[in-house]
Amino acid sequence: MKNLREIAEELHLARSTVSMCLSADLSRYRLSPDTVARVREYAKANGYVPNRLARKLSRSDSSAVGLIVLYESSSEKSTRALETTMERLTAEGREFFIQNVPGNKLSDALLFLKGMRVRDIILFGLMREYPPSAGKLSPANERLRKDQAKSAALLKEMRLFAVDYSFPVPEDTLFRENICRMGIDRRKTLRSLFDDLLRSGKRKIMCDINTHVALPEPEKYIRDPRFIFQAYDNRKLYEHGKKCAGEFMKLREELQPEIVIFHNDRSAIGFIDELRRYGLKVPRDVEVIGFNNSEICDYYNPRLTSVRIPVEENTETVLNAVLNDADVEPVRIQEAEVIWRESAAL
């Protein structure tokens, strides 16, 4: 297999002439038809394959779009939005690069996309910020904060659209430019959900530790610490739900909880599956609510009540802006919606 330099040497032509002969747009050059035919026939006979990626990167008008999926943040809620994005970009003839990384490797994905001269990036998966004022963090969140400092520096020449952002925005945010935040205020959403449950007469509410941490004034809603599941595994959310079920069974007879709330759907489903092993049914013996309204909620048995985040609508807004080279308002805080199904009701 010959490369461009070898073809030029063997045909006694300038490398630039060979490159122009192999170009997809010959109309831009004044070339002899005989020379073009000779170069192309020789290249084909010797297995030359043009490096279209390198050719694309040599242009200053690269229009590829970056898609980053944070796979440790219940990103299945973004599946439909991601599929729609790829379909639309393909239909529009726009190239795209996908990076699938954990939250503390966002800078690696940005660095790769910067090397591909990508300007616009859509971020799928929950984005939280940990600014310098956040104080002492867990080792995992400290790694995340350090990575965010690197990521913020890389955004000076790109635009990042976070379609599932966790508000509020920290006052001393590390991301100060070229970022669009779109999402919900989870603290406000949880407070509204707990208030609705209390008004409906449900007062014995259990929740996992992540839900409790995000809940404003938690003592108003959870007065007994035993109503908070201590089991936690952010990388194995389904197993996390199963562990919570074990805690639930130890306390069920004494506490008699009425409803359980999880910070994601996978844990809620793991919890329900494990309860079946003990002979319990949802919602007959206890009600369950998830978070993210992932696609499986409609097909699981029982159909899972969950909090819906407008990721698909946000993605459509961003796509319209990217494809039309338009701007998007830098902050968009939306109302979440509880989709009530069989697993829980007011």
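Predicted model: local features only at pLDDT ≥ 70, side-chain atom pairs only at ≥ 80, totals over all residues.
**View 1. Phenylalanine 248 and phenylalanine 271 form an edge-to-face pair.** The centres of these two rings are 5.4 Å apart and their planes stand at 80°, so the pair counts as edge-to-face. Phenylalanine 248 belongs to helix H11 (residues 237-255) and phenylalanine 271 to helix H12 (residues 265-277), so their pairing ties together parts that are 23 residues apart in sequence. Are these two residues buried or exposed? Both phenylalanine 248 and phenylalanine 271 are buried.

**View 2. Ring pairs join four phenylalanines into a cluster.** Its members are Phe229, Phe248, Phe262 and Phe271. Take a moment to look around phenylalanine 271: leaving aside residues up to four places away in sequence, its contacts include Phe229, Phe248 and Phe262, along with Val260, Val286 and Val288. Lys242 is also among the residues that phenylalanine 271 touches.

**View 3. The largest nonpolar core has 61 residues.** Phe194, Phe248 and Phe271 have the most contacts inside this core. Helix H13 (residues 311-323) supplies the largest share, six residues. A second, separate core of 24 residues includes Leu106, Met116, Ala162 and Ile179.

**View 4. Six strands make an open, parallel sheet.** Follow the strands across in the order S2-S1-S3-S4-S5-S11. At the edges you will find strand S2 (96-101) and strand S11 (331-334), each pairing on one side only. On average, neighbouring strands of the sheet are turned by 20° against each other, direction ignored. For a closer look at one pairing, find strand S1 (residues 65-70) and strand S3 (residues 120-124), which are joined in the parallel sense over five bridges. Which residue in S3 is the bridge partner of glycine 66? That partner is isoleucine 121.

**View 5. Arginine 277 places its charged end over the ring of tyrosine 278.** That charged end is 5.9 Å from the centre of the tyrosine 278 ring.

Conventions:
Residues numbered from 1 in each chain as written. Heavy atoms only, no water. Core = buried A, V, L, I, M, F, W, Y, C linked by side-chain atoms within 4.5 Å. Buried < 20%, exposed > 50% of the residue type's maximum accessible area, 1.4 Å probe, protein only. Helix = DSSP H or I, 4+ residues; strand = E, 2+ residues; numbered from the N terminus. Contact = heavy atoms within 4.5 Å. Pairing = 2+ DSSP bridges. Axes fitted to C-alpha atoms, helices over the stretch in contact; angles between N-to-C directions. Phe/Tyr/Trp six-rings, centres within 6.5 Å; stacked < 30°, edge-to-face > 60°. Lys NZ or Arg CZ within 6 Å of the ring centre and 35° of its normal.
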